[in-house]
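Please read them with the structure open.

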Amino acid sequence: MLRKKNTRLTLKERVQIETLLNENKTQAHIAKTLKRSPSTISREINKWILSKTDKYNADLAHWNAKDDYLNKRNTDKISTYKSLRIYVFRGLLSGWTPEQIAGRLKHEYPNDPIMSISHESIYRFIYLAPQARLNKKLIKLLVRHKSRRRKPKKRRGNGSKILNQVSIDNRPKHINLRQEIGHWEGDLVIGKNHKSAIGTIVERKSRYTLIIKLKAKNANEVAKMFSEKLNQLNPLFKKSMTYDNGTEMARHEIITQKTGMKIYFAHPYSSWERGTNENTNGLIRRYLPKGTNFNEIDENKLLLFKKN
């Protein structure tokens, strides 16, 4: 016998739904197993699963439903708007970063103010109560899943070994607005035992990424390969690059000479000044984790990451 129409799904039932979905059971089978109407199961599943890559999570679905039932007066946008909340949760379950979620929302809902949110607001929601059960689960879905989010602090360096640096302080202010294509951020991702590396250069506005295979991580190799890859681009897309203080950029003047790009250097220990590149490197680490020997990675495999 089917239950009463207005009886809400319990957490236990949602766990059963998640388990049966993982076993590739049909909605009809799930409805029969839970003694629920097919429409109840269909509404619950279709709310979260719109494509093959989407996942159903019992805890998140139950928290979302419980919050709706209690009709709490929440001040943050994610809690206030159900459609936005589900989109954010579904994105996190699909492995997207808050930056990717915010970017996809802009693309998919360009004229919908409700379906618009910054990545910082998503992070604030996730870390609002880091010890709460829901927030612990959300934190684990992030790239770095740190239990707490701390504001980075500037530390004094011991002086740079790179000659003729131009500080980010002297970088034109309009670059901060991300309204113009052609301004990049660069870095190295280091491999196993610091014996291999790949170069990553990310365009600040479009997030287009170049992943560059290196034979070594010294300044001469970096200058050679960075210049070679950048010169494959239209000159309109080569305006500037912001880098950290790694000595692999000691030949930065050669890159400028060969590409025409101005190179600016971030302050020591200030990775947030190159946040686009840092976040991209975090995504790459999902597929090429620490301990990877980049000398053993085929260049064609690296090209696959450029699509993201």
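The points below go from the whole chain to single residues.

1. Ground rules. This is a predicted model, in which local features need pLDDT of at least 70, side-chain atom pairs count only at pLDDT 80 or more, and totals for chains, interfaces and linings use all residues. Residues are numbered from 1 along each chain as its sequence is written, and side-chain values use heavy atoms, with hydrogens and water left out.

2. The chain overall. It has 13 helices and five strands. Both are DSSP runs numbered from the N terminus: helices are H or I with at least four residues, strands are E with at least two. Of the 308 residues, 41% are buried. Buried means under 20% relative accessible area, exposed means over 50%, and partly exposed lies in between (1.4 Å probe, protein chains only). The accessible surface is about 18500 Å², and carbon and sulfur atoms hold 50% of it. That area comes from the Shrake-Rupley method with a 1.4 Å probe; for residues, only the protein chains shown count as cover.

3. Contacts along the sequence. Take the contacts with a separation of 6 or more: 59% of them join residues 24 or more positions apart. Contact means heavy atoms within 4.5 Å.

4. Five strands form an open, mixed sheet in the order 3-2-1-4-5. Strand 3 and strand 5 are the edges; each has a single partner strand, so one side of each lacks a neighbour in the sheet. Neighbouring strands are turned by 25 degrees against each other on average, direction ignored. Pairing here requires at least two DSSP bridges between two strands. Strands of a sheet pair through backbone hydrogen bonds, parallel or antiparallel.

5. Strands 1, 2 and 3. Strand 1 (residues 183-190) pairs with strand 2 in the antiparallel sense over seven bridges.

6. The hairpin. Strand 2 (residues 197-203) and strand 3 are also antiparallel, over five bridges. Ile198 stands opposite Lys213 in strand 3. Five residues lie between the two strands, and Arg207 takes a positive phi near 70 degrees in this hairpin. Strand 3 (residues 209-213) is mostly covered, with four of its five residues buried.

7. Helix 3. Which residues of helix 3 (residues 38-46) are buried? They are Thr40, Ile41, Glu44 and Ile45. Pro38 and Arg43 are exposed on the face turned away from the buried side.

8. Glu273. This residue lies in the loop between strand 5 (262-265) and helix 12 (275-287). Glu273 counts as buried because its relative accessibility is 15%. Its side chain makes a polar contact with the side chain of His267 (2.8 Å). A polar contact is a pair of N or O atoms within 3.5 Å; within protein, one must be able to donate a hydrogen and the other to accept it, and residues adjacent in sequence count only if both atoms are side-chain atoms. Beyond its neighbours within four places in sequence, Glu273 is in contact with Ile168, Glu185, Ala266 and His267.

Methods:
Axes are lines fitted to C-alpha atoms, for helices over the stretch in contact, and angles run from 0 to 180 degrees between N-to-C directions.
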